[in-house]
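Hello,

Here is the structure I promised to pass on. Please open it first, then read my notes below.

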Amino acid sequence: MTHATSLPSDLHQWVTRHVVGMDTAAVTDASWPRGDSRVWRVRADHGEAFIKLYPSLEKYEREVKGCAHAGRALADTEAPHLLASDPERSAVVLSALPGRVVRGLPLEQTEEQHVHRLAGDLLRRWHDTPEPIDDREHQRIMASVTAQADGAAVPLERLGDQLSPAEQDLVRDAAHDLPDLARPLPLAYRHGDYSPRNWLWDEAAGHHSLIDFEESAPGIAVEDLVWLCGAAWPIRPDLRAAFLTGYGRPLSSTEQRALV
């Protein structure tokens, strides 16, 4: 939820050089309740923009690279434009897009299915636009998968007495198999947080777009479906079918198992 606020003074001075009319602009805090990045919406005489301040140089660089990737992968109105950036502040100015965040929107079933089909189509184009992945980056990706597999021991230790022996075996088997499953899977430049909270839907225009690139990086393509697989698809198989229709292909058996 947004509320009236003001930018930190040094940030305000920097933004003034890039957004016309800042002296009379309306500024609202648009940050998510969770997360450590700060986001402000600026409504000035000549239009709207978003200011983002990142907690680390890494997240800032990912946002900047993600904007560049979006410019190559997506249509002009499907992602924000980078209007200004400052690595010393880890801050950016981004153009505003029409529409509202999909998460929490009271959509009818057919409209929600349509949005998920469009989201699948957008992600396929995002994944199909190549970025160089060198050997060092590939090693980092595989190390990340191994770390996820090793992390399975944590919930087993905490919840072991609440899981049946069969459920415990399932987690152990999945953790054991994941690194080998991941090796042959397609790599891509991932969005990194592909969920309805980062999709915008303009109901009047029937237009879908994507925001928030601070988690974007090379990785295993199917990782972008983790949130959907864990939170949406188990209770809404119709959304899974719509999304994969937009994505343009079903998941392979290896992708499906690795995803789960």
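Predicted model: local features only at pLDDT ≥ 70, side-chain atom pairs only at ≥ 80, totals over all residues.

His138 counts as partly exposed because its relative accessibility is 32%. His138 sits in helix 4, which covers residues 135-150. Setting aside residues up to four places away in sequence, His138 touches Ile133 and Leu187. Gln162 is 24 residues from His138 in sequence, yet the C-alpha atoms of the two are 37 Å apart in space.

**Gly99 and Ser209**

Now a pair on the other side of the sequence-versus-space question. Gly99 and Ser209 are separated by 110 residues in sequence, while their C-alpha atoms are 8.3 Å apart.

Gly99 belongs to the loop that runs between strand 6 (91-95) and strand 7 (100-101). Its relative accessibility is 38%, so Gly99 counts as partly exposed. Not counting residues up to four places away in sequence, Gly99 touches Trp201 and Asp202.

Ser209 is found in strand 10 (residues 207-210). Is Ser209 buried or exposed? Ser209 counts as buried, because its relative accessibility is 0% and the cut-off for buried is under 20%. Its contacts, leaving aside neighbours within four places in sequence, come from several stretches of the sequence:
- Thr77, Glu78 and Ala79 are among them.
- Leu97, Pro98 and Leu122 are also included.
- Asn198, Trp199 and Leu200 are in the list as well.

**The nonpolar cores**

The largest nonpolar core has 50 residues. Which of them touch the most other members? They are Trp126, Tyr194, Trp199, Ile220, Leu225, Trp233 and Phe243. Helix 3 (residues 109-128) gives the most to this core, with six residues. A second, separate core holds 16 residues, including Trp14, Met22, Val42 and Ala84.

Take Leu225 from the largest core. Beyond its neighbours within four places in sequence, Leu225 is in contact with Leu123, Trp233, Phe243, Leu251 and Leu259.

**Helix 8**

Helix 8 spans residues 237-247. Its buried residues are Asp238, Leu239, Ala242, Phe243, Leu244, Gly246 and Tyr247. What do they pack against? The partners are helix 3, strand 9 (199-202) and helix 7 (226-232). Gly248 follows helix 8, and its phi is positive, near 95 degrees.

**The chain as a whole**

The chain has nine helices and eleven strands. Its C-alpha atoms fill a box of roughly 65 × 40 × 40 Å along the principal axes. Buried residues account for 44% of the 260.

Take the contacts between residues at least 6 apart in sequence: 68% of them join residues at least 24 apart. The accessible surface is about 13,900 Å², and carbon and sulfur atoms hold 52% of it.

As for charge, there are 27 positive and 40 negative side chains. The centres of the two sets lie 0 Å apart.

Best wishes

Notes
Residues numbered from 1 in each chain as written. Heavy atoms only, no water. Helix = DSSP H or I, 4+ residues; strand = E, 2+ residues; numbered from the N terminus. Buried < 20%, exposed > 50% of the residue type's maximum accessible area, 1.4 Å probe, protein only. Contact = heavy atoms within 4.5 Å. Core = buried A, V, L, I, M, F, W, Y, C linked by side-chain atoms within 4.5 Å. Areas by Shrake-Rupley, 256 points an atom, 1.4 Å probe, with all protein chains shown as cover. Lys, Arg positive; Asp, Glu negative; His and termini not counted. Charge placed at Lys NZ, Arg CZ, Asp CG, Glu CD.
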